[in-house]
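Subject: Structure for you to look at

Hello,

Please find the structure below, with the sequence. My notes on one part of it follow.

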Amino acid sequence: MARVTSLDVAREAGVSQTTVSFVLNGKNEFGISETTRRLVLETAQRLGYAPSAVARALRSGRSQVVVFLLSDAPVSEPFGRFKREVTTALQAQGFTCVFLELSGLAGGVSAVCQHLDPAIVVSTAVLPEGDKQALVRSGVPVIDGVLGAEDASVTGLDQREIGRTQVRHLADRGHRVIGFAAVDERQDQPFCLPRLEGVREQCRALGLAEPVVVTTDYSLDGAGAALARWAESEVTAVAAFNDVAAVAVLGACRMRGLEVPGQLAIIGVDNDSVARLTVPTLTTIGIDLTVPARSLARAIVDVARGNVPETSVAAESLTVIPRESS
């Protein structure tokens, strides 16, 4: 089968090949309407158009590959959605996103430049200074540490605000002593720690007791031990790090005959599909991942093109989804 070209896309969309070229190369300064831009992108996707990376690199003098290093990144439904949103946003700007597990990367970070010649390297965690400098010396810009509390200026999503939102919801329902279900998985710490910080900040701001923090694992036994700790401190509501931790607490309550929300209210984070299937159904914080994903993609494109990224204004991306558990 013959390779689909930009001319094929232009004919199918009913626009000029120049317009197709401008849209697919992310050039927005030529008065192309949003309707036309969307038509070109949808047509290109439907026809299976794949721009030649070699030709693009020859024209621009550099590749259009974004290498995204996953260092201790969580394997979860929400992070999978986040990756898809980032990939889609970068593709709209003519970039190809490649995700690599840093821990399994033969040759380390330096191998990235040798084999992929990236336009930019993005890392979920802060890279060691030696690795970062090696990339810079090779002429490859770097954005690292994009998923911790410090990432708010890049993604527009402050993880601390998630914890604050949980506490506000529980306090609005009359709870004064709140527990926090933390987890000890290493890959979750860039998310768990700032969310806990937000919980503590909001408790102080509302004049509530210091949250009773228990570190557990994703098991009924671990959640059961946490319940005992919270009972000693007269906790009436729990903000869990994520929905999986919340479901574990919910299950432990059921095994021990605790009424939810009568004796213990529970709120999670992420709005995983499982949150709608529990008994009782789980109250959670939904995150519109298009907001941080597009913000991060804009920063990546700016830095890759040698521009200073604009500081993102935190957009409204969090929604409390009230269900039966609170």
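The buried residues of helix α12 (residues 243–255) pack against β5, α11 (220–232), β7, β8 and β9 (284–287), where contact means heavy atoms within 4.5 Å. This is a predicted model, in which local features need pLDDT of at least 70 and side-chain atom pairs count only at pLDDT 80 or more, while totals for chains, interfaces and linings use all residues. Residues are numbered from 1 along each chain as its sequence is written, and side-chain values use heavy atoms, with hydrogens and water left out.

Helices (H or I, at least four residues) and strands (E, at least two) are DSSP runs, numbered from the N terminus. The buried residues of α12 are Asp243, Ala245, Ala246, Ala248, Val249, Leu250, Ala252 and Cys253; buried means under 20% relative accessible area (1.4 Å probe, protein chains only). With 13 residues, α12 reaches 18 Å from its first C-alpha to its last, close to the 18 Å expected at 1.5 Å a residue, taking 1.5 Å times one less than the number of residues. At the N-terminal end, Asn242 caps α12, with a side-chain oxygen 3.3 Å from the backbone nitrogen of Val244. Just after the helix, Gly257 has a positive phi of about 75°.

Now the sheet. Four strands form an open sheet in the order β6-β5-β7-β8, with parallel pairing; two strands pair if DSSP finds at least two bridges between them. The edges are β6 (212–216) and β8, each with a single partner strand, so one side of each has no neighbour in the sheet. On average, neighbouring strands are turned by 25° against each other, direction ignored.

Strand β7 (residues 237–240) is covered on both faces: Ala237 and Ala239 on one side and Val238 and Ala240 on the other are all buried. Four bridges link β7 in parallel to β5 (residues 178–183), and Phe180 has Ala239 as its bridge partner in β7. Three bridges join β7 to β8 (residues 265–267), also in parallel; in β8, Ile266 is the bridge partner of Val238. From β7 the chain crosses through α12 to β8, and this β-α-β crossover is right-handed, meaning that the path from the first strand over the helix to the second runs clockwise with the strands pointing away from the viewer.

Helix α9 (residues 159–172) lies across β5, β7 and β8, at about 160° to β7. Axes are lines fitted to C-alpha atoms, for helices over the stretch in contact, and angles run from 0 to 180 degrees between N-to-C directions.

Regards

Methods:
Buried means under 20% relative accessible area, exposed over 50%, partly exposed in between (1.4 Å probe, protein chains only). A polar contact is a pair of N or O atoms within 3.5 Å; within protein, one must be able to donate a hydrogen and the other to accept it, and residues adjacent in sequence count only if both atoms are side-chain atoms.
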